[in-house]
Amino acid sequence: MKSRTRIPTTPLLMILPSFLLAMSIIGYPILDLAWTSMQEVSRFGKMMGFIGLANFAEVFRDPLFYSSLVRTLIWTVAVVGGTLIMSLPIAIMLNDDFHGRGLARVIVMLPWAISLTMTAVLWRWSLNGRAGLINATLMDFHIITEPIEWLATAPLAFTVEILVGILVSIPFTTTIFLGGLSSLPQDSYEAAVVDGAKPWELFRYITLPLMKPFINIAIVLNVIYVFNSLPIIWVMTEGGPANGTDILVTYLYKLAFRFGQLGKASAISLIMFFVLFVFTIAYVLMVMRQEHDSTAEEVKNDA
Amino acid sequence: MTPKLKKSLLYWLLLSPLCVVILLPFGVMFVTALRPRDELFVYPPTWTFSEFRWENFVEMWVKTNFGGALLNSLYVSVTSTIIAIVLSIPAAYALSRYRFSGKGLYRNFLLMTQMMSPIVLVLGLFRLMVHLNLVNSLNSLVVTYVAFNMAFTIWMLQSYFNTIPRELEEASWIDGATSFTSLVKIFLPLAVPAMVVTAIFTFINSWNEFVLALTLIRSQNDYTLPVQIFSQVAGRYQVEWHHVMAATVLATVPVAIVFSWLQRYLIRGMALGAVK
């Protein structure tokens, strides 16, 4: 019988096509951005010569960069925090058996099925100050007397965008938590119930600690996704009014494709890339540690 | 009242605010898509309207080139899904069945590519496509969607491949089959359900993608659905909201139904160790 390990080139050939494609589509643009960020670039994308770190210096002098940066932090922390606080109880409920659970799962997961662009278009129209049906509903219930212009002032528009951001992040996060909950050992719950533990104590001392790895992964993945999310803000307000809802990605997009400041846009892309890189390393380390733990557990169980 | 019924009522009570907020914009979508144009801007705004105007859909289809955008979206999503699956099967199989040096490195590389979002690279990608003369070509989207989806497809396929017992292939090797025939005749047929599920999620991802389509496609005839609908809302003095909502109904409802039907596989995929 042939030994499979004698031909180690086979698996390498099998991964080669996907590796090459990823390198050229994801790896090459990073190098190109690094190169462009150190060039003086004309409005039409022509390279005018090497200028070192001048583009970065310009970015760090730009007040709009700082206000977008601060707003990116608020956006990321608020959306990820809100999503986690909502998703864990939802996942615990959806993991439990109750009447109509199938329907509840479908509704909670629904925003995931719809493109963020479409969701944002729907909200932009629903929140329309003059004809929006959100205003109509709130007026019908006498919660407000006058229609509200939700998207006309930056602070209110940004708050609304954060809430929509939370809404669309819940399905993915809940899915991670459901995966985690279904892997929890049932016997520890039974033992605790026998010992007279109350539901809150079960949550606090069993569910929460055992769910910790899944919560960590949900935090890191959501931070990465939310930090990078363009469609909601772009479709609802395009970063306006008066750059008042710009986060880094919308500001970057404007610089690159509206104002033609390619050098500066490349510099911001690169800065964002490094932030993302740090989070990615954190994620990879976390996944590796968890894998390590679960193999250690398997070894222990085998013994 | 049985304890289960009590619990169900409590859970639905707790979940209902969220469900209302999720469903509300879809309600808005349907009532706007079906109302006559002159009832869009009435004051005070109301949910009710005088008649179901199904012609809105026909009008929208003709006026906004919806059919063209639909075909573009279908072409891009189908092609990129097929290529992504074809490239991912060998990679997932290698990760699932072989021990080789660089395996851990390759998995981490995949994780990293998954973290890289199109928006951070969009300027570099745009310049790459200019060099390749692919700007304005739907194939630029196909290539990038394949690359950005591949980590997900490999990861999903691998987690299902791991559940297919090795013994089946080993038995066929003993019967004298080469590893290639055992792969094609024994393994792949067993993996069909996993491939279908993965393919559908890849399709939905490509179908919904916005940033790259907005950037790499410049001519109106080549717009995919999200960009086409966005272009009817953004930077217009007068937005034909009943057309926009009719287009949104057609673009989202079929995908939402398929997704709702398949979402349990995604949860199972996560439980099978996709998160690990």
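Modeller: Helices (H or I, at least four residues) and strands (E, at least two) are DSSP runs, numbered from the N terminus. The model is predicted, so local features need pLDDT of at least 70 and side-chain atom pairs pLDDT 80 or more, whereas totals for chains, interfaces and linings use all residues. Residues are numbered from 1 along each chain as its sequence is written, and chains are lettered from A in the order in which they are written.

Colleague: Why is His142(A) called exposed?

Modeller: A residue is exposed if 12 or fewer other C-beta atoms, placed from the backbone, lie within 10 Å of its own, buried if 20 or more do, and partly exposed in between. His142(A) has 7 such atoms and is therefore exposed. His142(A) lies in the loop between helix H6 (133–140) and helix H7 (154–182) of chain A, and has a positive phi of about 55° without being a glycine.

Colleague: What makes Ala242(A) exposed?

Modeller: Ala242(A) has 8 other C-beta atoms within 10 Å, so Ala242(A) is exposed. The loop between helix H10 (231–236) and helix H11 (248–257) of chain A holds Ala242(A).

Colleague: How many residues of each chain belong to the contact?

Modeller: Two residues are in contact if their C-beta atoms, placed from the backbone, lie within 7 Å. The contact takes 80 residues from chain A and 81 residues from chain B. Helix H1 (residues 9–36) of chain A gives the most to the chain A side, with 15 residues.
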